[in-house]
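The following exercises are to be worked through with the sequence and the coordinates at hand. Each task is followed by a stepwise solution.

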Amino acid sequence: MTQTPNRPLRVAVIGAGPAGIYASDILIKSAVDVRVDLFEQMPAPFGLIRYGVAPDHPRIKGIVKSLHNVLDKPEVRLLANITVGRDISVAELQEYYDALVFSTGAVGDRDLDIPGADLPESYGAGEFVGFYDGNPRFERSWDLSAKQVAVIGVGNVGLDIARILAKTGDELLVTEIPDNVYQSLKNNQAEEVHVFGRRGPAQVKFTPQELKELDHSPTINVVVDPEDIDYDAASEEARRASKSQDLVCTILEQYAIRDPKQAPHTLHIHLFENPVEILEKDGHVVGLRTERTALDGQGGVVNTGKFTDWPVQAVYRAVGYRSDAITGLPFDEENAVIPNDGGHVLNLDGSIVPGIYATGWIKRGPVGLIGNTKSDAKETIDMLLTDAAEGRLPAPVHADVVTLLDERNIEYTTWDGWHLLDAEERRSGESEGRERKKIVEWEDMVRVARSVPVVS
């Protein structure tokens, strides 16, 4: 059935991170009259911008300003603190909307299949990021007694973790970290942080700004072994093809040739070292074993048979995020995505699920930056709008989903509630000379977001 001419197209976007907000923005800016309900599992919006960006990177958090502009639009309604598949099913949502767009992202950790990965001091990157970003779904305290630490993975998440571990708690106190995070970080015992990547400088996934900013801290001495600066023909071509990658290589080269910086913490970036085993004694981490690799002439690497044991007491595995399945939707367990053709959600037999779409990391996996997320959302929404124009969307049978939420006594939070929460966090931070201090406990976030401001 096609869209009823005398009413707007009704779309539910599930996931209020950048992917979902960009999809909402494209919808309401289209030539079609659209109303969007933006569902979010957390009590607050913004996804990984709020809970996946290191607290000492306010530059990236500036993206929130543009996301604010979308949520300020009257055509978009935020309904947060709602878990689709638990509080309301996918089938029930279809009764209220012409189309559903899933943009639920990825917060779990991909597995690292090496011996010792399940030891107690072997941590997934997402666990630690969730801790220091004050995500209420993660731990409130963290054991930071290790003096030597390994970080596996040469992407920005691994770099963020290494930088946080190499900074002092007082350096980070000026950020929005909550008190419980500061209490752990100020007792951090790490003196050496080792970052490991299996390939060379032309293949690392750092962005230049992130890599360069390591050196801005007076407490961190960044060290790169000159022997790790190596290129084959394919690596040289990779540099020529990307200004960003070329700049990353240049920064690594500069770290490799400079004199050591006097600082209490040393951050080593090791390239051509493939982690093969986390070493243990009496059930605890005591080291990391790596195998030296060498370029194969095609931009890849081969193992050399030379092994090194690095003494460390904790390992952080930054090898990628993993999306979670959503009850009521097909899921590709191997690739940890919703099966799709670039926008439409597909059944496991390859047939299209009418009126249901995917965008962001749940669609393509945890790769790409904000620019990729925008183009990805456009691809999905173009498909949705084409289906609407050609009458391929099933029509809803009910009017407003809020009636159902109220009947079930679901304590959903709204955009007005976010403003209350935002104001409270800013007030809390202002008393300490900071921009904000995050509220950590889930119940406290809901309480503040659902409170009625006192009119004086």
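**Exercise 1.** Determine what β12 and β13 form, and describe the turn.

*Solution.* β12 and β13 form a hairpin with five residues between them. In the turn, glycine 297 has a positive phi of about 90°. Next, assign the sense of pairing: strand β12 (residues 284–295) and strand β13 (residues 301–310) are antiparallel, over seven bridges. Strands here are DSSP runs of E of at least two residues, helices runs of H or I of at least four, both numbered from the N terminus; two strands pair if DSSP finds at least two bridges between them. Finally, locate threonine 293, which stands opposite asparagine 303 in β13.

The model is predicted: local features need pLDDT of at least 70, side-chain atom pairs count only at pLDDT 80 or more, and totals for chains, interfaces and linings use all residues. Residues are numbered from 1 along each chain as its sequence is written, and side-chain values use heavy atoms, leaving out hydrogens and water.

**Exercise 2.** Identify which residues touch the most other members of the largest nonpolar core.

*Solution.* Define the core as a set of buried (under 20% relative accessible area, 1.4 Å probe, protein chains only) Ala, Val, Leu, Ile, Met, Phe, Trp, Tyr and Cys residues joined through side-chain atoms within 4.5 Å. Of its 51 residues, Phe128, Leu211, Ile269 and Tyr316 touch the most other members. Helix α7 (residues 156–166) gives the most to this core, with six residues.

Key:
Buried < 20%, exposed > 50% of the residue type's maximum accessible area, 1.4 Å probe, protein only.
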